[in-house]
Amino acid sequence: MASRNNPPTHGNYHGYYNKRPSTSDQRLALVPRGLFEGKRVLDVGCNEGIVTCEIGETLGAIRVIGVDIDDTLVRAAWKHRRSVWTQQGPPPPISSVHSTIETNGTGSSPSDRRKRRRISQSEPDVGDEGAAPDMSAGPADYFPASFEHMFGPLPIPDVASHGNAADSFPHNVSFRTADWVNNEIPEDDEGYDVVVAFSISKWIHLNGGDEGLLVFFRRVHDVLRPGGTFILEPQEWETYGKAKRMDPRLKANAKTLKLRPDQFETELRKLGFGQGQHLGTAGEGGFRRSIDLYVKQ
Ligand SMILES: C[S@@+](CC[C@H](N)C(=O)[O-])C[C@H]1O[C@@H](n2cnc3c(N)ncnc32)[C@H](O)[C@@H]1O
């Protein structure tokens, strides 16, 4: 766990999403539409599970596993999952779904979960603590955000009583604590269609050296099913300087590094990935980073 005496040497920042936007992740918005639909996904370095839950709740994945080295963050991720579940809106009446889709101008057919999310996002939160929500104006959240603060989160129904639950949110999302570079998790056995690695390569690189990073890339290749996709958001070399100064061990490791982020594509291709596809750049200031996609050949 990171504290003043115990710095976040794995990038295991607590309160990370106070600095980064935590709803509708800009990086996920760059990923080709439909990539997660019906897929089995691993989110390596999931932190508080914000990205993991978004993939499982609104992007149509049937299974998403978030793994993080920091158990405190993994516990926060389970909590976040319950909070997202609590704040989900009710299924909208069919007529309002159609009008919402037309208004947004999307020509595709998103999942019911997505439609439901849009409806609930278009509803204002109940602002006045203690005031009863006004349900008269149309569809409203079952349990507005302020209610969670007042009464705690809603319980998650068990799979059996929740329709086709296993493949849908929240049951399709789970978390594990593990150093995934050096340890397998049971979910790896079935393999994944997509592996997401946002803002983690620098930490793996600084902790494990060039060899540690290559082990990570090899592990991603091994757990991906044929034709599977690796989505990588590498931190730029210029950002390593500040990170290594937080710990003498990282500083010593940094001196041994020969690989640079602009060589990652070459290394990935040697392992059997196809040419990298640069999806775009997301984030502000120091968080402005490239999002790259590699397909396992
Ligand atoms: C900077 S945060 C990025 C969080 C999230 N992926 C995002 O971009 O929104 C990096 C995360 O990777 C985790 N991490 C670092 N090394 C790891 C490892 N070997 N195995 C699993 N998680 C790791 C850290 O604990 C931290 O939560």
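A polar contact is taken here as a pair of N or O atoms within 3.5 Å; within protein, one must be able to donate a hydrogen and the other to accept it, and residues adjacent in sequence count only if both atoms are side-chain atoms. The model is predicted, and local features need pLDDT of at least 70, side-chain atom pairs pLDDT 80 or more, while totals for chains, interfaces and linings use all residues. Residues are numbered from 1 along each chain as its sequence is written, and side-chain values use heavy atoms, with hydrogens and water left out.

A nitrogen atom of the ligand lies 3.4 Å from a backbone N or O atom of Ala178. The protein covers 98% of the 600 Å² of accessible area that the ligand has on its own (Shrake-Rupley method, 1.4 Å probe). In the side chain of Asp68, an N or O atom is 2.5 Å from an oxygen atom of the ligand. For the side chain of Asn47, the corresponding distance to a ligand oxygen atom is 3.0 Å.

Around the ligand there are 19 residues, of which Tyr17, Arg27, Gly45, Asp68 and Phe198 come nearest (a residue is near if one of its heavy atoms lies within 4 Å). The shell comprises 10 nonpolar, 6 polar and 3 charged residues; Asp, Glu, Lys and Arg count as charged, Ala, Val, Leu, Ile, Met, Phe, Trp, Tyr, Cys and Pro as nonpolar, and the others, Gly among them, as polar.

Helix α2 spans residues 50-58, and because 9 of its 9 residues are buried, the helix is largely enclosed by the rest of the structure. Buried means under 20% relative accessible area, exposed over 50%, and partly exposed in between (1.4 Å probe, protein chains only). Helices are DSSP runs (H or I, at least four residues), numbered from the N terminus. Among the buried residues of α2 are Glu54 and Glu57, as well as Ile50, Val51 and Ile55. Gly60, with a positive phi near 85°, follows α2.

Arg219 is placed in helix α7 (residues 201-223) and counts as buried because its relative accessibility is 12%. A polar atom of the Arg219 side chain lies 3.0 Å from the backbone oxygen of Trp180. Gly241 belongs to helix α8 (residues 240-244) and is buried, its relative accessible area being 19%. Between Gly241 and Lys251, 10 residues apart in sequence, the C-alpha to C-alpha distance is 8.6 Å.

How values were computed
Helices (H or I, at least four residues) and strands (E, at least two) are DSSP runs, numbered from the N terminus.
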